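Reader: I am new to this structure and would like a close look at one part of it. Please start with the chain as a whole and then follow the packing of its helices in detail.

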Amino acid sequence: MGNVALILSGVVTALAPGNLVAAISGAFMGLLVGTMPGIGSLAGVALLLPLTFKMHPTTAIIMLAALYYSNMYGGSFSAILLNIPGDSPAVMTSLDGYPLSKNGKAGKALFTSVISSFIGGTVGVILLSIMGPVLSMVGVKFGPAELTALYLLALTSIGWLLGDKPLRGLQMTCIGILLATVGVDATLGQPRFTFGNINLLSGISFIPLVIGAFGFSQVLDLMFNRVDTKNISKKRLTLKESFLNKEELKTVIPIALRSGILGNFIGILPGAGATSAAFLGYIFQKKVSKEPEMIGKGSIEGVSAAEASNNGAAMGSFAPLLTLGIPGSGTSAVLLGGLMMWGLRPGPLLFTENPEFVWGLIGSMYIGNIICLIIALACIPFLMSILRVPSAVMIPAISTVCLVGTYSVNNSMFDVYFMVGAGFVSYLLKSSGYPAAPLLLAFVLTPGLESAVRRSFDIGGGSARIFIEKPIALTFLILTLGFCIAPTLIKMLKRSPKKEGRKNREQPL
Amino acid sequence: MDKITKIGLMLVGLYFTIKGSGYGFWYNSGPGGGFLPMVIGILLIVLSIYSFFRGTTEKFKKQEFLAALKPFSGILLTLAGINLIGFFPSVMLFIPIWLIIIEKYKLQKAVLIDVAVTGVMYSIFSVWLRVPFPSGILF
């Protein structure tokens, strides 16, 4: 009951005119920043931080937090409509969102994305309100050994992304892992595969790689395979036409709830972030779906899982930030800087020493989520008009967005050159049947895995026993082993002697 | 083309394996900087050799490839233009030139589209977010 009263007092604080205006402004800017490829929530929050210096701390954090989680809503828009993820967590959304858009179901995809983001975000904030301190304590129990096992579990899921050419998918996974090793080795401080180029010392940037692999390669493909916009109705599309029907809602709501919880948990883990949450939520959905073959080819299930997970994670990352002072993602690290700048010391005492601040922020998340939902839904008819733009205009326009978006990430022309090169190579690989998704998943997970493995061995004095001695790590390792062996075992059990000859055409993964 | 891609992937694996061996396979009590590149590099070589001899072969789509070269060349020229006249002027020239020469749009329409696209981009990135876009040798 105590928590309910505190949340209500937080909602009252959030509804104060100044705070409400801050939440609306933050949500609006977050949507805009999220839609623009390259900027992302980290840069958005960092850019807005100086503007909040003179604000009251509660108002300032409400504005920045609104920008952060509404950014997750906006990232999916360009992913669905243009196949350019606005930010890295939206990569998984584009896998199903863009095919849906190409099949004339962009409205449904956008609506699914918005409603799933809302559900995922709301689940996240409810969990944060009720169990924030407890959850962050669980997160702290995740040492290098547990994280290694979790990353290994996540890597096994690549198998579900390999597509109908598993050999090529595996090759792309290898490329993703190898590309992730470029740059200074975080543990040993040794530069690797940098060709003496100073720009590669910090490794290959994810956003230029994503914009190249998805956005620019799409432009090159569009040149030959043009979209026929003449068939798209000239009349203004209404929001009603984008609504999901009863059956679709029945499918989406449970997925969004489940993915929101999963994403929230991933968001709490230090260093995991919304991108890993979106990947894992998507993969988990593919595993449990009744129609797994449809995910990746234009399924609202895939859009829902990815969006609910990344919004749940965005909320989850506030738990360790507020209760322990540990940022769960890059963006929450900037927010931590902001909290310190306002003279607040995040940690267990923050809830007792500054209850108005903490509960005001949590209360604003409920309000802010509703604001995001309303703004995002209102944008759908306008966004749909993008689909009527002919390919002839889309080619130079998307190219421009790719160039400007990539440059803005690090203000680096090297990133732009890299994006163009990555786009061309991706186009060649894609036209030869090599999928891009396994490469990106491996690229995201590898740095965390490599660092966690090293630290585990350091703690264990060179012994691998650390992975068996820790119960959480052992559980994840058993699950990993199970996921690797289970498909083969199931296949062997299903294969009767009579059918053996005919079953040879079964999918290898 | 597919065979060339497979050979290319094999060479990438070979490069990471050889270069990775210089970073050390094992360092003190744990994996060294070359551990992951060597293991994965060798795996990529094996997969690429298998794929070269036993895998399926994709047909090279020459027409599609030639079409894709047009926007790629356009962007390369834009990048060259950035060094000469700066980021936004170069991007601003790319759109109407593309629309007029490749897509056969009329000058007026091409300029209108150009102003709309680059105007939005400039307002958000340069004015609002204050991204310092590079200038060229001339401007």
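Author: Of the contacts in chain A between residues at least 6 apart in sequence, 78% join residues that are at least 24 apart. A contact here means that the C-beta atoms of two residues, placed from the backbone, lie within 7 Å. The model is predicted, and local features need pLDDT of at least 70, side-chain atom pairs count only at pLDDT 80 or more, and totals for chains, interfaces and linings use all residues. Residues are numbered from 1 along each chain as its sequence is written, and chains are lettered from A and ligands numbered from 1 in the order in which they are written.

Chain A holds 21 helices and 2 strands (DSSP runs numbered from the N terminus, H or I of at least four residues for helices and E of at least two for strands). Its length is 509 residues, and 57% of them are buried. Buried stands for 20 or more other C-beta atoms within 10 Å of a residue's own, exposed for 12 or fewer, and partly exposed for the range in between, with C-beta atoms placed from the backbone.

One pair of helices in chain A is α4 (residues 57–82) and α5 (residues 91–102), which pack at about 50 degrees with their axes 6 Å apart. An axis is a line fitted to C-alpha atoms, for helices over the stretch in contact, and the angle between N-to-C directions runs from 0 to 180 degrees. The two helices α4(A) and α5(A) are therefore oblique to each other (under 35 degrees is roughly parallel, over 145 roughly antiparallel, 65 to 115 roughly perpendicular, and the rest oblique). On the α4(A) side the contact uses A:Ser76, A:Ala79, A:Ile80 and A:Leu81, and these meet A:Thr93, A:Ser94, A:Gly97, A:Tyr98 and A:Ser101 in α5(A). By class, the residues of this contact are 4 nonpolar, 5 polar and no charged. The nonpolar class is Ala, Val, Leu, Ile, Met, Phe, Trp, Tyr, Cys and Pro, the charged class is Asp, Glu, Lys and Arg, and the others, Gly among them, are polar.

The loop between α4 and α5 of chain A contains A:Pro89. A:Pro89 counts as buried because it has 33 C-beta neighbours inside 10 Å. Leaving aside residues up to four places away in sequence, A:Pro89 touches A:Met72, A:Gly75, A:Ala274, A:Thr275, A:Ala278 and A:Asn310. A:Ser432 is 343 residues from A:Pro89 along the chain, and their C-alpha atoms are separated by 26 Å.

Further along chain A is helix α17 (residues 391–410), whose 20 residues reach 29 Å from the first C-alpha to the last, close to the 28 Å expected at 1.5 Å a residue (1.5 Å times one less than the number of residues). Of the 20 residues of α17(A), 17 are buried, so this helix is largely enclosed by the rest of the structure. Just after α17(A) comes A:Asn411, with a positive phi of about 50 degrees. Most residues other than glycine have a negative phi. A:Asn411 sits in the loop between α17 and α18 of chain A and is exposed, with 11 other C-beta atoms within 10 Å.

A:Phe195 also has a positive phi, about 55 degrees, although it is not a glycine. A:Phe195 is placed in the loop between β2 (191–192) and α9 (206–222) of chain A. With 9 other C-beta atoms within 10 Å, A:Phe195 is exposed.

The next topic is the second chain. Here 52 residues of chain B are in contact with 51 residues of chain A. On the side of chain B that touches chain A, the elements that give two or more residues are α1 (2–21), β2 (30–31), α2 (35–54), α3 (62–85), α4 (87–101) and α5 (107–128) of chain B. The residues on that side of chain B comprise 35 nonpolar, 10 polar and 7 charged.

Helix α18 (residues 413–431) of chain A packs with α3(B) at an angle of about 180 degrees, and their axes are 11 Å apart. α18(A) and α3(B) are therefore roughly antiparallel to each other. α18(A) contributes A:Val416, A:Tyr417, A:Val420, A:Phe424, A:Tyr427 and A:Ser431 to the contact, and α3(B) contributes B:Glu64, B:Ala68, B:Phe72, B:Ile75 and B:Leu79. The contact of α18(A) with α3(B) has 9 nonpolar residues, 1 polar and 1 charged.
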